[in-house]
Amino acid sequence: MGAATLINSALTANQAWSFAGTGFLYTLWALWWVDLALSFLCAFGMLYVMMTTQSHRLTRMASLWVLPMVTLIVASSTGGLLANAFINHSIYRSLITTGVSVTALITGLSLALMILTVYLARLVLYGPPDPSLILSAFITLGPLGQGGFSLLLAGQNLSVLLPLHLGDRFPNAALTGDFLHSVCFCGAWILWSMGIAWTAISVISVYAVVRIQRIPFTVAYWGLIFPTGVFGLLSVELGEVLDNPFFHYFGTIWSMAALPKPMEQRAQCQATLNIASSVASTLQSTYFDAGTGQYNGGSLWTDANTLEDLHNLMLATGTDQFSTVADTSYIGRSALNSNTNWQSVLAGSNDDAGNTASKIYNIIAAQWDNTCGGGVWWSTAHTYKNAITNELFLLLSAEGYLRGGGQTYLNNALKLIPVSGSGMRNSQNLWNDGLNFDNCQNNGQTTWTYNQGVIASGLGALYAATGNSSLLTQAELTLDATIAHLSTNNILRESCDDAVAGGPVCNQDQQIFKGIWTKHLQFYLDRANDPVRVAKYSSWLGSQTSAVYHYGTNANNIVGSVWYAPDQGGSIFTPKTDASGLAAHIAAAKYGPC
């Protein structure tokens, strides 16, 4: 469908402004035949795959099933535009193009209408789909709007082409052309009327969901643009044929409603990004071993965090500077290798890693029970329930739901809310390490910065899924407590940090904790999406990046473990401390002062 849009745009330039001449028109015609062939391959290829290699249930059906068929309808409308352009150059080619376009239209439209019938039965029998997919209900307008537009083009072309092609050999050629034009117009009106009906069905489906819970922001929002846009186009074209102001007004208003609203995007601070990019380059050149795919002196979980930091940096800079790192990492190589033995990782599964994330999620979810009020265990040994495991499960569940994982993910996230009152959060609103197994009470162990950051991003993601603003209040109780109790000189300080030589030293895991806190503050602000909350933490993030740069970074451009004061021999320098500082820079570039 994207190729058809490009052909349409180029054709407009060719016809309206005589761009590139007749030769370019023939080139576009040739490209259309390729696009048409790919459209047939897409439609029937997907049907083949769905019938032979995929497993489907009616309860999981969504209107997205219709999309492969829409490719044929879109290609047919492009053919109609090309046929019209060829009328003054080659009647034969124009007629052939029109005929083939009508065949593609009938094929695609018939398949689409069959699927829409089944989808309506699915709605009646099982109700609306998951909230993350509910907005895709409006995709039903796509084949109807595009199909009606294509029918109008075919009718207009046939009314001109038949008299020119048949001439005196067929006395009523002009009348036949007008008759076919009328038939196509009636077909277009029928599809427009069906579009009105499906609009009502889609609105009802969405209402049934939003009266219960909030619809998360997903890619389905952008899926509204094409179907509503083409339905508006059909309305305008009906107005042109009828010279009727109602369709003109309706189509104009509908099209304006379909326009994407500009999203406010916070500008990144380029100076801070430059520092972050420099730190990331030094991190890669100093510690990353391309042979093993690991960071020298790192571990799998800290390596995974570092890869996330590099991805976060590329999102901020808009570049692909580190795009190959994930695939060349140990984790990435294992995922891409079909012979990888996942048995030890995935508790008995030896499948390819194409859906490894969902497998791992299900393994974690299976570790839930009602001991100590609920929550997942630290390990399959079932000897410890701690904060970070459940916080990460909350974040993973809420984000999984927001990214189309389905209702089960949201249900799991909501189950974790009572767990937050289990006693792991202390009277200072900081999260201790976990619970005593014998009495299910707070064990009073260290309040790591890591624990305080992940709970905030998890609650922020759950807010985005449900619209419950009290979750943001709870998140900021812990964020504010971190600033008040886990900092020195307004700079994060882990309990194992000491700038002076001879003092305590953070272990291999603890060295990355502070950077993870800043990263999850960024994730929290992403989901909260509130300028007031951003302003609240902006200067704090600015203090962190300044401290990392002035106090934490050595002459080799490597960030150490101590940020709160100049190093006096107590700071250590590892890939984990370096990645921690990198995360602080990236978060401050987005939400700190500049």
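Me: Which residue does Arg533 form a salt bridge with?
Reply: This is a predicted model, so let's go by its atoms. A salt bridge needs a side-chain nitrogen of Lys or Arg within 4 Å of a carboxyl oxygen of Asp or Glu. For Arg533, the closest N and O atoms of the pair are 3.2 Å apart. The partner is Asp530.

Me: Which residues are linked with Arg533 in a network of salt bridges?
Reply: One pair in this part of the model is Lys536 and Asp480, whose side chains meet at 3.0 Å, N to O. Lys536 sits in helix H19 and Asp480 in helix H17, so this pair ties together parts that are 56 residues apart in sequence. Linked with Arg533 in the network are Glu476, Asp480, Asp530 and Lys536.

Me: Is Lys385 buried or exposed?
Reply: Lys385 has a salt bridge too, with Asp369, and their closest N and O atoms are 2.8 Å apart. Lys385 has a relative accessible area of 4%, and under 20% means buried. So Lys385 is buried.

Me: Are H16 and H18 roughly parallel or roughly antiparallel?
Reply: The axes of these two helices come within 8 Å and cross at roughly 15°. Angles under 35 degrees count as roughly parallel. So H16 and H18 are roughly parallel.

Me: How many nonpolar residues are in the contact of H16 with H18?
Reply: H16 brings residues including Val454 and Ala461, while H18 brings Trp517 and Phe523, among others. By class, the contact also has six polar and two charged residues. The nonpolar count is 12.

Definitions and conventions: Residues are numbered from 1 along each chain as its sequence is written. This is a predicted model: local features need pLDDT of at least 70, side-chain atom pairs count only at pLDDT 80 or more; totals for chains, interfaces and linings use all residues. Side-chain values use heavy atoms; hydrogens and water are left out. Axes are lines fitted to C-alpha atoms, for helices over the stretch in contact, and angles run from 0 to 180 degrees between N-to-C directions. Helices (H or I, at least four residues) and strands (E, at least two) are DSSP runs, numbered from the N terminus. Angles under 35 degrees count as roughly parallel, over 145 as roughly antiparallel, 65 to 115 as roughly perpendicular and the rest as oblique. Contact means heavy atoms within 4.5 Å. Ala, Val, Leu, Ile, Met, Phe, Trp, Tyr, Cys and Pro count as nonpolar, Asp, Glu, Lys and Arg as charged, and the others, Gly among them, as polar. Buried means under 20% relative accessible area, exposed over 50%, partly exposed in between (1.4 Å probe, protein chains only).
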